[in-house]
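This report describes selected local features of a single protein chain. Please consult the sequence and the structure shown below while reading.

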Amino acid sequence: MAGNPRNGRPYRRLVDAQRAMGLPCWLCGHNIGYNLDPRHPLSFTLDHLVPLSRGGSLLDPANARSAHRRCNSARGNRTAARQSQRASRRW
């Protein structure tokens, strides 16, 4: 009987270890509200450098990053943190 691996003890340990580091969001660089309600857009979520849908490891600490919920959702399953800035209209 296979359950959701994100409910398992190894995943919870990884999330707790990442939260304990208190790092800023790896996508935008701003501080994360670690004490905010988990549904708040600026609350902590565990993001994966290589998305799980692209073969990233769920439990590898080297693949784990701290991110805002909003930044993590906006990134989706893209591998690049941010695309290059668009060119200014002022030439």
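In sorting residues by type, Ala, Val, Leu, Ile, Met, Phe, Trp, Tyr, Cys and Pro count as nonpolar, Asp, Glu, Lys and Arg count as charged, and the others, Gly among them, count as polar. The structure is a predicted model.

**The largest pocket**

By this sorting, the lining of the largest pocket comprises 6 nonpolar, 7 polar and 4 charged residues. The space in this pocket is about 280 Å³. Its lining consists of 17 residues, and those nearest the centre are Arg6, Leu46, Asp47, His48 and Asn72. Two or more lining residues come from each of α1 (9–21), β1 and α2 (69–75). Strand β1 makes the greatest contribution to the lining, with 5 residues.

**Asp47**

Asp47 belongs to strand β1, which spans residues 44–48. Its relative accessible area is 5%, so Asp47 counts as buried, the limit for that class being under 20%. The side chain of Asp47 forms a polar contact of 3.0 Å with that of Trp26, and another of 2.9 Å with the side chain of Arg75. Beyond residues up to four places away in sequence, Asp47 touches Trp26, Leu27, Asn63, Ala64, Arg65, Ala67, Asn72 and Arg75.

**Leu58**

Leu58 lies in the loop between β1 and β2 (64–68). With 15% relative accessibility, this residue is classed as buried. Leu58 and Arg6 are separated by 52 residues in sequence, while their C-alpha atoms are 8.2 Å apart in space. When neighbours within four places in sequence are set aside, the contacts of Leu58 are Pro5, Arg6, Tyr11, Leu14, His48 and Leu52.

**Cysteines**

How many disulfides does the count give? The count comes to 0 disulfides, where a disulfide requires a pair of cysteine sulfur atoms within 2.5 Å. For Cys28, which is in no disulfide, the nearest cysteine sulfur is that of Cys25, at 3.8 Å. Cys71 is likewise in no disulfide, and its nearest cysteine sulfur, that of Cys25, is 3.8 Å away.

The table below lists the accessibility of residues discussed above.

| Residue | Relative accessible area | Class |
|---|---|---|
| Asp47 | 5% | buried |
| Cys71 | 9% | buried |
| Leu58 | 15% | buried |
| Cys28 | 30% | partly exposed |

Cys28 is partly exposed because its relative accessible area is 30%, and this class lies between the limits of 20% and 50%. Cys71, at 9%, is buried.

Note on methods
Residues numbered from 1 in each chain as written. Predicted model: local features only at pLDDT ≥ 70, side-chain atom pairs only at ≥ 80, totals over all residues. Heavy atoms only, no water. Helix = DSSP H or I, 4+ residues; strand = E, 2+ residues; numbered from the N terminus. Buried < 20%, exposed > 50% of the residue type's maximum accessible area, 1.4 Å probe, protein only. Polar contact = N/O pair within 3.5 Å; in protein donor to acceptor, adjacent residues only side chain to side chain. Contact = heavy atoms within 4.5 Å. 1 Å grid on protein atoms, 1.4 Å probe; cavity = no way out; pocket = protein on both sides within 12 Å on 5 of 7 lines; lining within 4 Å. Points joined across faces, edges and corners; volume = space filled by probe spheres on them.
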